[in-house]
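Welcome to this short tour. Open your viewer, switch to a cartoon view, and keep the selection panel at hand.

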Amino acid sequence: MSNPPSSHAFSHVCSYLLGIDLPPATSFFQESIPAWLSAAVMSLQAIYPDDKFGVILRKASPEVTPELRMKCLDCPGKLYYLGPGNSLSNYEVHLRNRQHRFRVSSRIKGTAY
Ligand SMILES: [Zn+2]
């Protein structure tokens, strides 16, 4: 258990970011991820290496400023607020959720959910 949070963990997140269906504003999107969020995502990925999560940019309408949300790839259709403050505590509650853990372990075992 001597592996520190590696850049590999973060590249996993980045590849997801690049893979989502965004309007041609990907560079804006990447620039809009604050450093604390990148760090928080990396440390969460180190704690929950089996979980797949990403950051998405939620844009309700062209007029409003896009907002960052956490997304759980094992529990489709749900978005989670960042915070409180410069943390991902809201999202980490979800990662500990029993149904979420069940979905993750089902995926790892290869059983469909
Ligand atoms: Zn989940």
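Which residue in E3 is the bridge partner of Met70? Select Met70 and look across to E3: the partner is Tyr80. Bear in mind as you go that this is a predicted model.

**The strands**

Now widen the selection to residues 53-58, strand E1, and residues 67-72, strand E2. These two run antiparallel and are joined by six bridges. With the three strands highlighted, you have an open sheet in the order E1-E2-E3, with antiparallel pairing. E1 and E3 are at its edges, each with a single partner strand, so one side of each has no neighbour in the sheet.

**The turn**

Next, follow the chain from E2 to E3. The two strands make a hairpin with six residues between them.

**On to a helix**

Finally, select residues 98-109, helix H5, and find His100 within it.

Show what surrounds His100. Beyond its neighbours within four places in sequence, His100 contacts Cys72, Asp74, Cys75, His94 and Leu95. For a last stop, draw a distance between the C-alpha atoms of His100 and Asp74: they are separated by 7.2 Å, though the two residues are 26 apart along the chain.

Key. Residues numbered from 1 in each chain as written. Predicted model: local features only at pLDDT ≥ 70, side-chain atom pairs only at ≥ 80, totals over all residues. Helix = DSSP H or I, 4+ residues; strand = E, 2+ residues; numbered from the N terminus. Contact = placed C-beta atoms within 7 Å. Pairing = 2+ DSSP bridges.
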